[in-house]
Amino acid sequence: LTSCFSYNCRTGEPEDFTAENDSAGLILASVWYCYKAAGDKEFLRDYRSLIKLCAELITGSCDETGLVQASAGPWENFCPRHGREYEHHVWDSGISAFGLRCAAVMAEDLALNDDVILYRRAGEQLINAVRKHLIRDEVLCRSLESDYLDSSVLVFFGLFPLFDRSEPVMANTVAVIERGLTDPFQGGLWRYEDAIVDMGDNIPWPLCTLWLASAYLTLGRQSDEIGR
């Protein structure tokens with residue numbers, strides 16, 4: 001996938017800690033949500049080449065694990081610059097799988113039947129790799145390389161839904177993240193588990209807290225539906 005780099009103002013060299021593999025999936029999701037809101041196929045036709053490019057970038061970025069290749073992650077901290085190795089983050093593979101699902105729907109509306117088949121197959125292969133490698137004891141963990149928690153996985157139970165709301169992984173992950181990442185004094189969620197251990201990041205993030213609230217709203221809606 002395309003990587004995002006910032007540059008050292010003194011040397012002009014790229015800083016590797018910002019290498020990320022989520023851009024194509026986020027673009028596809030953004031185009032999809034705009035199209036869903038507007039319902040304008042002319043708008044969608046304008047983005048046809050971008051949709052195809054992003055989908056191709058994702059399908060070409062998976063390695064032998066079936067996941068999107070390792071990166072510095074959504075927080076840009078998992079890299080040699082910070083004394084860490086790159087990881088196969090749920091964030092990258094999850095948003096890429098969701099993006100491919102969006103691309104398949106948009107391709108169908110554009111009558112690009114061959115692309116629909118390709119995008120659906122690739123999206124399912126990617127989410128199957130997530131299920132195989134990143135769910136442990138019915139909890140969605142941060143990455144292939146770590147059993148730690150990361151609040152970014154909450155988006156896949158709310159804003160970018162990947163899992164059926166009745167699956168145990170959803171309720172289990174939400175509950176474990178609330179217990180593990182909630183600041184007992186300030187309230188709110190930390191970004192990820194070892195940020196509070198070795199990085200000294202003890203400030204809860206409002207965005208992470210909102211992700212938790214969104215996930216609970218999703219669970220609540222499911223409970224209401226069962227009740228009816």
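Ten salt bridges are counted in this predicted model, a salt bridge being a side-chain nitrogen of Lys or Arg within 4 Å of a carboxyl oxygen of Asp or Glu. Residues are numbered from 1 along each chain as its sequence is written. Because the model is predicted, local features need pLDDT of at least 70 and side-chain atom pairs count only at pLDDT 80 or more, while totals for chains, interfaces and linings use all residues; side-chain values use heavy atoms, without hydrogens and water.

**Salt bridges**

| Pair | Closest N and O atoms |
|---|---|
| Glu 56 and Lys 52 | 3.8 Å |
| Glu 87 and Arg 142 | 3.0 Å |
| Arg 101 and Glu 124 | 3.4 Å |

Glu 87 forms its salt bridge with Arg 142, and this pair links distant parts of the chain, 55 residues apart. Glu 87 is in the loop between H3 and helix H4 (90–109), and Arg 142 is in the loop between E4 and H6. Helices (H or I, at least four residues) and strands (E, at least two) are DSSP runs, numbered from the N terminus. Both Glu 87 and Arg 142 are buried, where buried means under 20% relative accessible area, exposed over 50%, and partly exposed in between (1.4 Å probe, protein chains only).

Arg 101 pairs with Glu 124. Arg 101 is partly exposed, with a relative accessible area of 27%, and Glu 124 counts as partly exposed at 36% relative accessibility. Salt bridges that share partners also join Arg 84, Glu 87, Arg 142 and Asp 194 into one network.

**Helix H3**

Glu 56 and Lys 52 both lie in helix H3 (residues 48–59), four residues apart, or about one turn of the helix. Glu 56 counts as partly exposed because its relative accessibility is 44%; Lys 52 is partly exposed at 36%.

H3 has twelve residues and reaches 17 Å from its first C-alpha to its last, close to the 16 Å expected at 1.5 Å a residue. That expected span is 1.5 Å times one less than the number of residues in the helix. The buried residues of H3 are Ile 51, Cys 54, Ala 55 and Ile 58. They cover an arc of only 100 degrees around the axis, so they are on the same side of H3; the arc is that of the directions from the helix axis to the C-beta atoms. The cover over these buried residues includes helix H1 (23–38), helix H2 (41–46), H4 and H5, contact meaning heavy atoms within 4.5 Å.

Ser 151 sits in the loop between strand E4 (139–140) and helix H6 (168–181). Ser 151 counts as buried because its relative accessibility is 0%. A polar atom of the side chain of Ser 151 lies 2.9 Å from the backbone oxygen of Arg 191. Leaving out residues up to four places away in sequence, Ser 151 touches Trp 75, Ile 177, Leu 181, Leu 189, Trp 190, Arg 191, Cys 208 and Trp 211.

Ile 177 is found in helix H6 and is buried, with 0% relative accessibility. Ile 177 and Ser 151 are 26 residues apart in sequence and 6.8 Å apart in space, C-alpha to C-alpha. With residues up to four places away in sequence again not counted, Ile 177 touches Leu 149, Asp 150, Ser 151, Val 153, Leu 154, Thr 182 and Leu 189.

Definitions and conventions: Polar contact = N/O pair within 3.5 Å; in protein donor to acceptor, adjacent residues only side chain to side chain.
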